[in-house]
Amino acid sequence: MLYLLCFLLSLLSLLLLPCLRPCFHAKKSLKDEKEIDERTYVVGEEEPPTGLRRDLMPRHVAVIMDGNRRWAKQAGLLTSQGHEAGAKRLIELLELCFKLGINTVSAFAFSTENWGRHKIEVNCLMSLMQHYLESKTQYFQREETRVSVIGNLTKIPESLLHKIHKIEKATKCYKKKHLILAIDYSGRFDIMHACKSIVKKSEQGLIREEDVDEKLFERELLTKCTEFPSPDLLIRTSGEQRISNFFLWQLAYTELFFSPVLWPDFDKKKLLEALVSYQRRERRFGCRL
Amino acid sequence: MDLYDPMMHVSSWIRQVGNLGLDLLWRFIHIVVSLWYIVFGIFEAIESYAISLGFDERYNSIDIKKLRCLAVAVDIADARDVANVIELLQWLTTIGVKQVGLYDSQGLLKKSKDLVLATVPGSFLLEENGKNDFSPDEKRIAIEFISSSDNKEAVMKAANILLQRYLKSSPPENDKGENFFTESHLSEALRVVGDNGHVPDLLLVYGPIRSHLGFPAWRLRYTEIVHMGSLKYMRYGSLLKAIHKFTGVRQNYGT
């Protein structure tokens with residue numbers, strides 16, 4: 001009975017309170033009427049993301065692109081076609097993120113554990129990445145997007161490594177928009193790599209043992225290529241609810257959004273859903289407010 | 001010029017009406033979405049009560065052996081209310097969970113360790129080596145208390161230990177430390193600084209936001225993460241549902 005009463009009261013307040021707020025805006029001057037509210041997207045501007053606020057957009061979004069194989073199986077296609085669809089979806093997501101003001105996007109393209117997959121699939125993935133890095137170089141230059149590739153790059157084919165270096169060199173001057181591709185990446189490897197980097201610097205006399213703290217450690221992680229190494233929002237598709245050794249250190253206070261949709265089906269609508277969910281949350285970064 | 005002022009008034013009036021219309025539309029959408037969430041919440045509550053009362057047979061027998069180690073991350077606001085945490089632990093003991101890592105970023109639960117261990121029947125502190133000397137049939141639960149000092153700070157200390165060991169070993173000039181800095185070395189160094197290193201199979205997050213709240217990163221590689229909402233509104237049925245769902249998960253581990 002009490003529960004029902006609470007429900008009715010909350011429903012009533014939801015209906016009445018917004019209507020009590022003055023709906024008529026004060027008469028503005030001509031100049032004010034021409035100004036657009038910078039905080040909110042104007043309805044009608046490139047298919048409005050209803051309810052999103054520009055000032056609450058995440059600075060860095062990370063994606064775990066899971067579900068390509070399942071998508072291909074459901075569609076009766078080859079696994080390679082699933083990965084191809086996944087790659088296209090990434091480019092679309094990238095374009096959308098940049099349009100919405102999200103300037104840094106990280107994508108978990110290939111994990112260290114993925115080497116355990118069938119050799120044919122691994123070769124297909126390597127070829128696909130090579131193809132996209134080569135064919136999209138001009139696109140990234142035109143869009144002034146910096147591309148960085150992070151991971152343990154010692155095992156990847158020479159031809160792909162060459163393409164990686166080429167695209168990184170061609171886009172390193174761009175500062176505003178950034179795509180970080182994690183290839184042969186492992187969160188634990190990232191942490192170990194930082195440890196080794198600190199050892200090297202210590203041997204060279206660049207740092208002392210007592211200088212080693214969290215900030216210095218973070219600067220040695222592979223995500224040092226970006227100003228915002230910790231993602232504000234992580235999206236993982238296909239319904240799996242784990243981070244699978246991705247950005248272990250960096251994800252401490254990241255909003256996690258697990259979508260049941262398979263990656264090639266993660267379209268604009270799903271991204272906006274993730275962003276609305278993100279903007280509704282209250283993050284405290286472990287502190288008391 | 002004479003026509004200009006009336007025209008401006010008209011367009012200003014039109015703009016105001018337009019703004020009003022958009023405002024009302026936005027509020028209408030807001031109400032619809034809020035109603036949807038209310039209905040969804042009610043449905044979840046009903047389902048949870050049904051599970052608690054045993055109406056859904058699927059949840060009456062859970063293969064709890066698959067859940068070797070459970071972790072619970074609690075938001076600091078919720079961690080202050082230890083009574084809820086104790087009740088949660090009692091539920092977990094009833095379900096048959098044998099090992100729990102209890103985490104909050106500020107270490108509030110660590111400070112209430114004695115109270116928790118004294119109040120939760122069958123509870124004891126998890127030993128460093130992880131050996132639990134009790135039979136699976138006993139309703140006992142081993143608890144580990146974790147805070148953010150066991151996360152990045154612990155990794156820093158472990159990294160320092162490895163660094164000191166490496167430098168003391170007087171490595172040759174070309175040695176890049178490949179054999180010295182491996183995952184197992186860091187895991188061992190973490191144990192030295194007091195991190196038991198128990199890797200949870202499932203992490204339940206209680207709090208307003210969906211993040212793991214700074215839970216020790218080294219342990220989270222393949223951990224399933226489930227956001228449970230605020231601890232104030234925790235339900236036995238929701239807990240059972242989350243654990244049951246976990247037992248059905250199949251991981252590929254990237255392969």
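User: What is the strand order in the open sheet of chain B?
Analyst: In this predicted model, the six strands of that open sheet run β3-β4-β2-β1-β5-β6 (chain B), with parallel pairing. Strands here are DSSP runs of E with at least two residues, helices are runs of H or I with at least four residues, and both are numbered from the N terminus. Two strands pair if DSSP finds at least two bridges between them.
User: Which are the edge strands there?
Analyst: β3 (123–125) and β6 of chain B, since each pairs on one side only. On average, neighbouring strands of this sheet are turned by 25° against each other, direction ignored. For angles, axes are lines fitted to C-alpha atoms (for helices, over the stretch in contact), and values run from 0 to 180 degrees between N-to-C directions.
User: How many bridges join β2 and β4 of chain B?
Analyst: Five: β2 (residues 99–103) and β4 (residues 141–146) of chain B run parallel. In β4(B), Ile143(B) stands opposite Val100(B).
User: Which strands does α8(B) lie across?
Analyst: β5 (202–206) and β6 of chain B, and α8(B) runs at about 150° to β5(B). Contact means heavy atoms within 4.5 Å.
User: Switching topic: how many cavities of 30 Å³ or more are there?
Analyst: Two cavities. On a 1 Å grid over the protein atoms alone, a cavity is a set of points where a 1.4 Å probe fits but cannot get out; a pocket is an open set with protein on both sides within 12 Å along at least five of seven lines, and lining residues have an atom within 4 Å of a point. The second largest cavity holds about 40 Å³ of space, where a volume is the space filled by probe spheres set on points joined across faces, edges and corners.
User: What lines the second largest cavity?
Analyst: Gln241(A) is part of the lining, along with residues of chain B including Leu202(B), Glu224(B) and Phe246(B). α8(B) gives the most, with three residues. By class, the lining has five nonpolar, one polar and two charged residues. Ala, Val, Leu, Ile, Met, Phe, Trp, Tyr, Cys and Pro count as nonpolar, Asp, Glu, Lys and Arg as charged, and the others, Gly among them, as polar.
User: And how much space lies in the second largest pocket?
Analyst: About 900 Å³. Its lining counts 40 residues, and among those nearest the centre are Met65(A), Phe108(A) and Arg117(A). The lining divides into 20 nonpolar, 10 polar and 10 charged residues.
User: OK, chain A: what's the strand order in its open sheet of six strands?
Analyst: β3-β4-β2-β1-β5-β6 (chain A), with parallel pairing. The edge strands are β3 (145–150) and β6 (255–258) of chain A. β3(A) pairs with β4 (residues 177–185) of chain A over six bridges, in the parallel sense, and Ile150(A) has Ala182(A) as its bridge partner.
User: Which helix packs on that sheet?
Analyst: One is α4 (residues 79–99) of chain A, touching β1 (60–64), β2 (104–111), β3 and β4 of chain A.
User: Why does the span of α4(A) agree with what it should be?
Analyst: At 1.5 Å a residue, its 21 residues should span 30 Å, and the end C-alpha atoms are 31 Å apart, so the two agree. The expected span is 1.5 Å times one less than the number of residues. Just after α4(A), Gly101(A) takes a positive phi of about 95°.
User: Anything about the numbering and cut-offs?
Analyst: Residues are numbered from 1 along each chain as its sequence is written, and chains are lettered from A and ligands numbered from 1 in the order in which they are written. Local features need pLDDT of at least 70 and side-chain atom pairs count only at pLDDT 80 or more, while totals for chains, interfaces and linings use all residues; side-chain values use heavy atoms, leaving out hydrogens and water.
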